[in-house]
Amino acid sequence: MIYLDSAATTFQKPDTVERAVSEALRTMSSPGRGGYACAMRAAEKLYECRERAAALFNVSDVERVAVTFNATHGLNIAIRSLVRPGDRVVISGYEHNSVLRPLHAVGADITVADSPVFDYEAAILAFDRLIERNTRCVVINHVSNVFGFELPVYEVSELCRARGVPLIVDASQSAGVLKVDAGELGADFIAMPGHKGLYGPQGTGLLIASDKAAPILYGGSGSDSRNPDMPAYLPDKLEAGTHNMPGVAGLCAGMGFVQSKTPERIAAHETALARSMAEELSKLRGVHVFSAPGFVHQTGVLSFELDAMSSEEAGEKLGEMGFAVRAGLHCSPLAHRSVGTIKRGTVRASVSAFNSKTEIAAFAEAVERIARGV
Amino acid sequence: MESYYLTCRSLTYAQKVSRVLTAARIRNMIVRTPQSMSREGCGYAIRVSPQELTASLAALSAASLPPKRVYLMGKGGFTEEVAF
């Protein structure tokens with residue numbers, strides 16, 4: 001199988017991740033629950049994970065790094081912390097359901113900063129027009145999970161800072177690939193999964209949080225235990241219950257892999273592959289590729305449509321041919337509305353550090369055969 | 001043997017404190033806070049020797065990482081909060 005669904009989960013993991021998970025299972029119990037050796041070993045690993053994240057994302061204080069189950073968990077915390085019913089929230093036209101659904105559930109007054117795909121400047125202008133002092137917060141996806149479009153998070157963060165509006169960044173597709181600089185962004189929350197560009201196991205995530213964070217889960221934290229409320233400080237107030245230590249250890253190793261490769265080199269590799277894929281698929285009759293002119297502000301995620309069949313059919317055929325891709329709306333109907341693909345969805349191919357040029361060439365050949373009806 | 005306990009609000013905070021002390025070459029150990037020292041329930045503290053208390057507090061002050069409280073633990077488990 002050639003795996004091209006890394007925007008969902010990176011399937012190939014570094015060997016160090018597998019070893020770290022196994023070691024955690026064998027040698028670590030639960031951090032914050034005891035002073036004996038295997039509990040303290042777990043505590044050290046958890047701290048190392050926070051330190052590594054703080055270094056990778058320029059977080060000033062390790063206490064601001066909270067461990068979550070995934071990015072959705074982090075986004076739910078962020079939204080529940082800041083937004084009340086009726087609050088006006090400005091979001092990009094490329095948000096995932098992990099943002100839309102929590103906002104809808106809270107009863108937020110959602111305003112979409114619409115802009116054409118791959119038009120970076122238009123996205124800045126759209127936010128500039130809509131962010132006002134009465135805006136409760138802004139939520140922006142760093143990179144669209146459907147189109148790989150990099151949104152102007154740093155420019156939008158400046159707009160937010162100038163107008164005193166809190167910012168939530170969804171770094172699901174950018175963490176480990178693009179610069180995610182918490183110090184520069186000044187966001188109240190940056191949510192990210194551990195299992196995509198950070199190469200950790202599924203069931204892991206990180207939330208870089210400010211003091212505005214409020215718990216959505218209540219339970220034991222190993223601290224302040226006579227208090228019926230959750231502790232008032234980070235990270236304990238966001239980490240009720242037993243930690244996923246094998247996951248944390250794997251995530252820590254995954255971030256070590258990213259640090260050793262560097263996000264810049266990983267991004268260069270992935271973008272080169274996706275660009276090559278876009279160029280090959282664009283030559284095919286009956287295939288419509290969504291890619292940025294010059295591949296500027298686009299990452300290793302590529303969507304395309306085939307005239308001859310639905311995206312699901314194409315995905316199924318590619319699966320039969322040994323290619324793992326995602327088809328449909330990718331849990332992001334808003335992004336498809338923004339681009340006009342809501343009725344048919346798209347086929348999405350997304351790469352990781354482990355994909356090669358040979359695999360991309362084989363994939364392009366497979367799409368060509370499908371497009372020709374062979 | 002007497003020792004001092006620097007209580008911390010959380011395990012993560014205790015780990016930050018421990019790293020500052022270790023960097024200052026002060027021997028220290030993260031331990032569970034004895035209930036006799038804890039008004040809030042379970043937690044973690046840093047144990048240091050009496051000879052290193054002053055240097056510990058100075059290092060933590062310089063790092064803006066004050067302990068929550070400081071306790072002296074004497075023979076037989078006797079504990080006493082000390083001002084710092």
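Q: In what order do the seven strands of the open sheet in chain A come?
A: The order is β2-β8-β7-β6-β5-β3-β4, with mixed pairing. Strands here are DSSP runs of E, at least two residues, and helices are runs of H or I, at least four, numbered from the N terminus. Two strands pair if DSSP finds at least two bridges between them.

Q: Which are the edge strands?
A: β2 (65-68) and β4 (109-113) of chain A; each pairs on one side only.

Q: Before we go on, how were the model and numbering set up?
A: This is a predicted model: local features need pLDDT of at least 70, side-chain atom pairs count only at pLDDT 80 or more, and totals for chains, interfaces and linings use all residues. Residues are numbered from 1 along each chain as its sequence is written, while chains are lettered from A and ligands numbered from 1 in the order in which they are written.

Q: Back to the sheet. In which sense do β3 and β5 of chain A pair, parallel or antiparallel?
A: β3 (residues 88-92) and β5 (residues 137-141) of chain A pair in the parallel sense, over three bridges. A:Ile91 stands opposite A:Val139 in β5(A).

Q: Which strands does helix α6 of chain A lie across?
A: α6 (residues 153-163) lies across β5 and β6 (167-170) of chain A, at about 175° to β5(A). Angles run from 0 to 180 degrees between N-to-C directions, with axes fitted to C-alpha atoms, for helices over the stretch in contact. Contact means C-beta atoms, placed from the backbone, within 7 Å.

Q: And the other open sheet, with four strands: what order?
A: β9-β10-β13-β12 of chain A, and the pairing is antiparallel. Four bridges join β9(A) to β10 (residues 301-306) of chain A. A:Val287 has A:Leu306 in β10(A) as its bridge partner.

Q: What packs on that sheet?
A: Helix α9 (residues 263-282) of chain A does, touching β9, β10 and β13 (346-350) of chain A. Helix α10 (residues 311-320) of chain A lies across β10, β12 and β13 of chain A, at about 160° to β12(A).

Q: New topic. At what angle do α3 and α4 of chain A cross?
A: Roughly 35°, with the axes of α3 (residues 71-82) and α4 (residues 97-106) of chain A coming within 9 Å.

Q: Last one: how many residues of chain A are in contact with chain B?
A: 18 residues of chain A are in contact with 14 residues of chain B. On the chain A side, eight are nonpolar, six polar and four charged. Ala, Val, Leu, Ile, Met, Phe, Trp, Tyr, Cys and Pro count as nonpolar, Asp, Glu, Lys and Arg as charged, and the others, Gly among them, as polar.

Notes: Two residues are in contact if their C-beta atoms, placed from the backbone, lie within 7 Å.
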